[in-house]
Amino acid sequence: MTELMEVVRHLLGIAMASHWLLLILFAAAAIDAVFPVVPSEGMVITAGMAAAAGHQNLLLVIAVAMAGSVIGESVCYFLGRGSGPALHRWMKRQQRRQQVYEKVSAALHSRGGLILMTVRYIPGARMVATLTAGATRYSFKKFIVFTFAGVTVAYTYVALLGYLGGDAFAHDQLMGLVFSLSLAGVIGLVVETCRRIVVRRRAVKITGA
């Protein structure tokens, strides 16, 4: 077990010092926006730790992650725009998908800015929101503005988690990564719990009215 941990630490050190890290980060952020099977947050945290160790530039890490995400989300938007009717038919095959589509569609056109900025904190919801924005012909100019604002906040926060974790655990990069990922997970859980509480309270008020 100790030998395995040492191998992981060695590989992590190589990855953090690699010139390819930013390119991989860009690709992960872009792919994550279209196919949420590649969690880009972990890559951003690793790159933030690399910045704390002096291997990368923190501002460049944030900028690269933002660029990848904006490009990926824009691709997702135009995929939705080009396949609006087909997407709608696919959503209607399941009642749950149809309900999500209708709720996101209504929310986008009533408070689109807030939805596009916050939806990225809900697992899997970002892709649904961007596809729906395209399918319902939501203004692309507004989409870009709010998406840019959202990724700026999101990736700055994630990169700083990695940076602070890397700085606090400079003697053990693996523990720094575990700490940063755990902290990000806890914060995400708290945000999601608060969101669900708010939604339930609103539902109760509407039912009571």
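Residues are numbered from 1 along each chain as its sequence is written. Because the model is predicted, local features need pLDDT of at least 70 and side-chain atom pairs count only at pLDDT 80 or more, while totals for chains, interfaces and linings use all residues.

Let's start with the helices (DSSP runs of H or I, at least four residues, numbered from the N terminus). Their axes are lines fitted to C-alpha atoms over the stretch in contact, and angles run from 0 to 180 degrees between N-to-C directions.

| Helix pair | Angle between axes | Axis distance |
|---|---|---|
| H2 (residues 21–34) and H4 (residues 58–82) | about 30 degrees | 7 Å apart |
| H4 and H7 | roughly 50 degrees | within 6 Å |

The angle makes H2 roughly parallel to H4, whereas H4 and H7 are oblique to each other. Here, under 35 degrees counts as roughly parallel, over 145 as roughly antiparallel, 65 to 115 as roughly perpendicular and the rest as oblique.

Who touches whom between H4 and H7? Contact means heavy atoms within 4.5 Å. On the H4 side, the residues include Ser-69, Glu-73 and Tyr-77, and on the H7 side Arg-126, Met-127 and Thr-130 are among them.

Now for the loop between helix H7 (125–135) and helix H8 (140–168), where you will find Arg-137. Arg-137 is not a glycine, yet its phi is positive, at about 60 degrees. Is Arg-137 buried or exposed? Arg-137 is exposed, with a relative accessible area of 54%; buried means under 20%, exposed over 50% and partly exposed in between, using a 1.4 Å probe and protein chains only.

How values were computed
Side-chain values use heavy atoms; hydrogens and water are left out. Helices (H or I, at least four residues) and strands (E, at least two) are DSSP runs, numbered from the N terminus.
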